[in-house]
2 protein chains.
Amino acid sequence: MTEKRYLMTPGPTPVPPAVLDAMGQPIVHHRGPDFVAVLERCLRRVKEVFRTESEVLLFTASGTGGMESVLSNLCSPGDRVLVVSAGYFGERWAKLASAYDLEVDEVRYEWGATPSADDLAARLDELGGVSAVFLTQSETSTGVVADIQALAAVAKERSALVAVDAVSSLGAIPCETDSWELDVVVAGSQKALMTPPGLALVSVSDAAWAAQKRSTFPRFYFDWERSRAAQEKLDVAFTPAVPVVIGLDVALGLLLDEGLETVFERHRRLGRACREGVKAMGLELFSPDEDRSAVVTAIRAPEGIDSGELVLTLRDRFGITLAGGQGPLKGKIFRIGHIGYYDIFDITTALAGVELALTEAGADIERGAAVSRALDAYEARAPV
Amino acid sequence: MTEKRYLMTPGPTPVPPAVLDAMGQPIVHHRGPDFVAVLERCLRRVKEVFRTESEVLLFTASGTGGMESVLSNLCSPGDRVLVVSAGYFGERWAKLASAYDLEVDEVRYEWGATPSADDLAARLDELGGVSAVFLTQSETSTGVVADIQALAAVAKERSALVAVDAVSSLGAIPCETDSWELDVVVAGSQKALMTPPGLALVSVSDAAWAAQKRSTFPRFYFDWERSRAAQEKLDVAFTPAVPVVIGLDVALGLLLDEGLETVFERHRRLGRACREGVKAMGLELFSPDEDRSAVVTAIRAPEGIDSGELVLTLRDRFGITLAGGQGPLKGKIFRIGHIGYYDIFDITTALAGVELALTEAGADIERGAAVSRALDAYEARAPV
């Protein structure tokens with residue numbers, strides 16, 4: 001038969017048929033009334049999902065483009081900034097800051113660690129203040145979800161601006177932009193927002209706007225003010241990825257119809273189900289076994305098995321795309337993304353695929369234990 | 001009945017059903033084998049359409065994002081550069097160069113003028129050399145197509161790097177990147193390339209790579225080297241707009257199947273048909289009445305009629321989207337784009353719509369003369 005495909009990476013994620021349908025319609029002009037109506041509704045929905053009253057800017061770019069806009073708009077040459085990193089994407093903040101010749105300090109952890117607010121407070125006190133702190137809510141490379149509320153609080157107490165990479169987490173787990181006083185939050189269309197890649201979304205607080213006014217880096221395409229001025233008139237500064245905006249609008253409607261709290265609870269239950277299933281197979285979790293880890297589950301490959309090989313086998317034999325490990329974790333872990341258009345049967349499919357592949361490779365796994373345990377955990381509706 | 005829609009602006013342009021279909025398929029991972037095969041073919045086809053052996057870099061961004069990458073990669077702070085401008089997009093090069101604090105000289109014409117190689121040569125000689133010259137092949141705001149071959153030649157003779165905005169022209173009219181020695185050519189997915197917006201394409205010559213190595217501007221997302229390193233491994237530096245890349249691959253296949261020379265001839269004939277039809281209605285052309293004007297036809301609104309109102313009437317009454325005038329030409333001209341997925345019946349539809357709307361507004365136009373003349377001109381297959 002024609003192979004069925006299962007996309008289960010932490011991004012891009014599967015896209016609902018209604019979103020694909022909307023994107024497959026004949027193209028419209030980005031300054032015509034059809035698109036303006038979509039843009040107005042989309043921007044309103046985006047703010048609801050960001051839980052903010054501030055403007056959220058849309059850029060046709062990957063999440064990294066949105067992250068770079070933070071450096072070039074929030075900072076000026078020579079600024080001292082602090083990056084908290086514990087994996088690939090935290091380190092990306094540091095690389096971006098270095099590309100902009102900032103004075104970059106880091107609270108740098110081993111990949112897989114969970115950043116601590118106490119460590120951040122201590123470093124900030126030691127440094128005697130920085131202009132901005134860069135955080136990662138969901139470290140996609142390790143499956144760790146940081147306590148952004150606590151981290152942001154210690155940074156704000158010390159008068160630093162707070163910028164958060166929420167690319168893989170926004171829309172899957174709570175990210176309270178306004179009530180946690182996050183100055184900048186960056187998200188992407190292709191993760192929990194259930195839309196193909198192509199758009200970065202960036203919320204900007206009043207304090208961040210004030211910093212932007214002082215910033216002197218050269219910039220044009222990612223200039224926040226240029227985008228805001230356009231969006232205020234329901235316009236766009238530059239021709240956007242029209243179909244992706246149209247898709248995002250539909251996807252956000254689906255999310256808000258489900259209700260954000262319901263969406264978050266679904267993700268928590270999927271995370272629990274995945275972790276319990278993994279443990280029932282006798283595998284060791286790499287990401288923390290806690291409720292917050294509701295974005296991606298990272299799992300250690302069993303002794304003697306290369307996780308990259310396992311990922312290839314799953315893809316070639318069963319059409320299941322999981323993610324391997326990045327950087328120092330290459331070959332050592334594999335990752336199941338469970339965000340966005342994802343339900344319990346996706347979890348059981350992923351677990352069943354892993355079970356079949358590992359059994360073939362000689363592992364001794366009790367048939368079906370992972371799936372049974374995952375269903376139990378999902379139905380329990382509370383931490384188990 | 002449900003209104004039919006006719007998109008006839010110089011971008012975004014109509015997208016062929018085969019491209020929409022490909023884009024409406026379930027999303028695939030950008031590092032999986034399905035996408036890698038598409039990327040490999042797409043990059044090969046892009047080079048064919050650019051007529052270059054050099055690498056063409058893909059960025060998820062609007063054309064302006066691609067243009068900004070030229071400033072941040074080709075130049076360094078304080079560089080003296082020369083911009084040739086005669087409309088909105090020429091002036092955008094100048095704005096970008098100013099945002100990067102370059103020493104910007106301009107050969108600046110009134111909107112609607114056709115830049116002259118002699119003027120450029122004289123200014124370059126007067127200045128005693130600049131590091132780079134910025135040109136616009138098709139000035140979308142006026143319908144003027146510049147003689148890039150001649151302009152580039154005088155710049156190259158004077159040892160300047162040449163960067164060309166071919167966003168609305170590439171794939172509609174000849175742009176011989178290698179044989180005209182163009183160091184950088186920027187195109188966009190959403191014009192003659194018959195794909196929705198979302199991708200900028202940038203070709204980079206050996207000399208441009210050498211300049212890039214010396215360049216010191218901060219950059220990350222638009223860094224050419226980062227993109228090249230990824231593309232050489234059939235990878236992407238950052239998550240791309242997956243469906244747009246997939247659509248572009250299909251669209252480029254359609255273009256190359258038709259044959260580039262056939263495509264160019266079709267555009268020349270469409271341009272002629274449009275201009276002859278416009279004149280048969282008794283209207284005055286704003287863009288030059290010459291074969292090279294094969295991208296967009298700009299037309300003066302008749303005395304007493306605001307072109308913006310005309311565009312709104314066409315849209316609201318007939319579902320036909322044309323473009324109005326920008327900047328100093330607002331209210332004065334309207335523009336019919338005829339690039340990409342566009343045939344003679346689109347021309348006759350546009351002309352018939354304009355005829356109906358102007359007649360309603362009280363103009364005295366011979367019924368059907370525009371359409372008859374356009375068909376004649378199209379069939380003549382040679383300049384008339």
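**Domains, chain contact and a sheet**

Modeller: Let's start with chain A: the centres of its domain 1 and domain 2, taken over C-alpha atoms, are separated by 28 Å. Keep in mind as we go that this is a predicted model. According to the domain assignment, domain 1 of chain A covers 17–257 and domain 2 covers 259–380. Where the two touch, domain 1 of chain A puts in 24 residues and domain 2 of chain A puts in 22 residues. On the domain 1 side, the elements giving two or more residues are strand E7 (144–145) and helix H9 (242–258) of chain A. That side of domain 1 of chain A splits into 13 nonpolar, 10 polar and one charged residue.

Helix H9 of chain A turns up again when we move to the partner chain. The contact between the chains takes 45 residues from chain A and 45 residues from chain B. On the chain A side, helix H1 (17–23), helix H3 (63–74), helix H4 (88–99) and H9 of chain A are the elements that give two or more residues. H3(A) gives the most there, with four residues. By type, the chain A side that touches chain B comes to 25 nonpolar, 15 polar and five charged residues.

Now cross over to chain B and look for its sheet. Seven strands make up this open sheet of chain B, in the order E2-E10-E9-E8-E5-E3-E4, with mixed pairing. At the edges stand E2 (56–60) and E4 (103–108) of chain B; each has a single partner strand, so one side of each is left without a neighbour in the sheet. On average, and ignoring direction, neighbouring strands in this sheet are turned by 20 degrees against each other.

Zoom in on one pair: strand E9 (residues 184–188) and strand E10 (residues 199–204) of chain B run antiparallel, paired over five bridges.

Helix H4 (residues 88–99) of chain B touches strands E3 (80–85), E4, E5 (132–136) and E8 (161–165) of chain B, and its direction makes about 160 degrees with that of E3(B). Helix H7 (residues 206–214) of chain B also packs on the sheet, touching E8, E9 and E10 of chain B. The direction of H7(B) makes about 105 degrees with that of E8(B).

Notes
Residues are numbered from 1 along each chain as its sequence is written. Chains are lettered from A and ligands numbered from 1 in the order in which they are written. This is a predicted model: local features need pLDDT of at least 70, side-chain atom pairs count only at pLDDT 80 or more; totals for chains, interfaces and linings use all residues. Two strands pair if DSSP finds at least two bridges between them. Axes are lines fitted to C-alpha atoms, for helices over the stretch in contact, and angles run from 0 to 180 degrees between N-to-C directions. Two residues are in contact if their C-beta atoms, placed from the backbone, lie within 7 Å. Domain bounds come from an automatic or database domain assignment. Ala, Val, Leu, Ile, Met, Phe, Trp, Tyr, Cys and Pro count as nonpolar, Asp, Glu, Lys and Arg as charged, and the others, Gly among them, as polar.
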